[in-house]
Amino acid sequence: MITVLQTPPQNTVQDLGRFGYRELGVGTAGAMDGVALQAGNILLGNQHGAAALEIQTFPFVVRFDEACFVTVTGGDAKLDLSGQSFLPWTLKRVEAGQTLSVGRPAVGARVYLCVQGGIDVPAILGSRSTQLRGGFGGFEGRFLELGDVLKTGDGPMRHSLYGALPPGQRLEQLDPEKGIIGLRAIPATDYFRFPEHARHRFWNTDWKISPQSNRTGYRLKGEKVLPDKAVELRSYGVVPGIIQVPPSGEPIVQMADANTAGGYPRIASVIEADLWRLGQAPVGARIRFIPCDHAEGIAAMRAVTSYLCDLMQVTGLYQGERNTLSRAIS
Amino acid sequence: MLRDMAVEPGDGSMEQKTVPSLSMIGTRAMLFEAPGDFTLAQQRRIWALTEASRERHDVAEVIVGVTNLMLVFSQAPEDPEIVADWLLKAWDMLPERHIKGRLFEIGVQYGGELGEDLFHVAEHACLSREEVISLHHGAEYTVCALGSVPGFGYLHGLDPRIATPRKSVPSLNMLAGTVTIGGMQAGISALTGPNGWNSIGFTEISLFNPERNSPSLFAMGDRIRFYPESIDL
């Protein structure tokens, strides 16, 4: 069990998301950086879709009531375990009664506190993710609060401690210049409703993530992009990554807690392989969209998948799982 | 990009198109938009296409919209054109799908604080508030699609005389159960929160409960009749 000793609002239980209920209007929710969550579960030997704590406001402090293995992935956070510091993206054994304090990351926006066996909250409609708007899933359908006690599931013992290189160091470097986060995007349905100069501006603006941004969506600040004429569209399906342009002319990128349907013109969509990068972009950061096509989008996803597969194999080697070793070699 | 993915510059409005429009949203979602007006006949063809799409092995989820649908693939298709061709053929071939649906009769407290945009709707329609109310409960509505938030139904059947554009400044905290009009669409808000549709009344029903066997009260194809429980002008 884990007891929350300190938390600002907005921290939640998340897994990889709730799929299969969008036809009832239930958005997926799930980790904003699914790659970090998966990596954490791989390091721990947890089940693929185990739930973790997504921490996006700091400082966040918990007490462990039993000994267990943990890892903190995602942003490069400062971690303090009862006076002893340790690094994100590494496995750590925690003793009963120890407290872990997670500080604001120097790089990135969100960190995942992954524990042996995962966070054990009831799966509702097939997922442990918090559905904030619906008020269900996660821990009582809400943000974590001081004094909340979370159960953990059963997970395997770890025989040696090791870490992972974060995806930012293993995957393609996209940032066009220092301090600007590059994200690949594919033109979407209403791209040509925007005049040439607006399209040009869309790709060439360094958009600033406004403070009115959260797990539902990021509002971007910059010079306006507007379609040739105002349109009222019929409601259509929305998936995370879609970039809509409301009448204000300032784009919104829909994120993990997006509604399942929307009505604003769609100029482009961030590719699935780069959603974790956006999930790690904090308020105030500048982002630039890089045009990309379908084949490039698929190739980018392959790179993410192979990063996770490599990690799984290396983890198997460290744990002395000979079967994994022989499979890896043969 | 798909060949017919977007309106080319100077091509006028999409509403005048006679062929469906297809586009990719990222690499894993494909949007199919039917041409023509928002009619029940067109929506029934979307339902038919939805049913056929669910049979496809590469489709993980289908998000039904208003005269459109989105396929969410289990993994990105290597060649989206093949799926696009299949959708176009199926659209041409499939007959309308009629869903019997259940009939819900829902009492509405019209006007008052919880229906504060009734005045605005009447003004926009150049009608009296009484006429707006009577046109609203004089029609039978059909649940075209569920979406946006858990359990919300997009309703077809609104009398065009009281169609009213969404508000430019959304209400910050509209109550769940608010009876609304958004453009040509009618609805009942499913959750309390910000909402850009016009409120004309209120009803006390719970549209969604994840603990129920069937979490959403409404299903696609259900019909709804409103009746006035009270009127507060």
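# Notebook: a predicted two-chain model

**Entry 1, the core.** I began with the largest nonpolar core, which has 147 residues. The residues with the most contacts inside this core are A:Ala52, A:Val102, A:Tyr112, A:Leu113 and A:Ala185, together with B:Met30 and B:Met70. Helix 1 of chain A, residues 34-44, gives the most to this core, with seven residues. A reminder to myself: this is a predicted model.

A:Phe58 and A:Pro59 are joined by a cis peptide bond, with omega about -5°. I located A:Pro59 in the loop between strand 3 (52-55) and strand 4 of chain A.

I followed strand 4 of chain A into its sheet. Six strands make up this open sheet of chain A, in the order 7-6-9-4-1-11, and the pairing is antiparallel. Strand 7 (84-86) and strand 11 (149-150) of chain A are the edge strands, each pairing on one side only. Strand 4 (residues 60-64) pairs with strand 9 (residues 99-102) of chain A in the antiparallel sense, over four bridges. One bridge I noted down sets A:Arg63 against A:Thr99, the latter in strand 9 of chain A.

Next I wanted to know: is strand 19 of chain A enclosed or open to the outside? Five of the five residues of this strand (residues 266-270) are buried, so strand 19 is largely enclosed by the rest of the structure.

I then checked the pairing of strand 19. Strand 12 (residues 180-187) of chain A pairs with strand 19 in the antiparallel sense over three bridges. Strand 16 (residues 242-244) of chain A is also joined to strand 19 by three bridges, and these two run antiparallel.

I looked up the domain assignment, which gives domain 1 (2-164) and domain 2 (180-292) of chain A. Their C-alpha centres lie 28 Å apart. How many residues does each domain of chain A bring to the contact? I read off 19 residues from domain 1 and twelve residues from domain 2. On the side of domain 1 that touches domain 2, helix 1 of chain A gives the most, with three residues. That side of domain 1 divides into seven nonpolar, nine polar and three charged residues.

I counted the secondary structure of chain B as four helices and 13 strands. The radius of gyration of chain B is 19 Å, close to the 17 Å that the globule rule gives for 233 residues, so chain B is as compact as a globular protein of that length. Along its principal axes, the C-alpha trace of chain B spans about 55 × 50 × 35 Å. I also noted that 45% of the 233 residues of chain B count as buried. Of the contacts in chain B with a separation of 6 or more, 59% are between residues 24 or more positions apart.

The contact takes 44 residues from chain B and 39 residues from chain A. On the chain B side, strand 1 (21-25), strand 2 (29-33), strand 3 (59-64) and strand 4 (68-73) each supply at least two residues. Strand 3 of chain B brings the largest share, five residues. I sorted this side of chain B into 29 nonpolar, twelve polar and three charged residues.

Last, I looked at backbone angles. A:Ala29 is not a glycine, yet its phi is positive, near 50°. A:Ala29 is found in the loop between strand 2 (12-14) and helix 1 of chain A, and is buried, with 29 other C-beta atoms within 10 Å. In chain B, B:Ser148 has a positive phi of about 75°, again without being a glycine. B:Ser148 is in the loop between strand 6 (140-146) and strand 7 (153-156) of chain B. Is B:Ser148 buried or exposed? I found B:Ser148 buried, with 26 other C-beta atoms within 10 Å.

Note on methods:
Residues numbered from 1 in each chain as written. Chains lettered and ligands numbered in written order. Predicted model: local features only at pLDDT ≥ 70, side-chain atom pairs only at ≥ 80, totals over all residues. Core = buried A, V, L, I, M, F, W, Y, C linked by C-beta atoms within 7 Å. Buried ≥ 20, exposed ≤ 12 C-beta atoms within 10 Å, placed from the backbone. Contact = placed C-beta atoms within 7 Å. Nonpolar A, V, L, I, M, F, W, Y, C, P; charged D, E, K, R; others polar. Domains from an automatic or database assignment. Rg over C-alpha atoms; globule rule 2.2 N^0.38 Å. Pairing = 2+ DSSP bridges.
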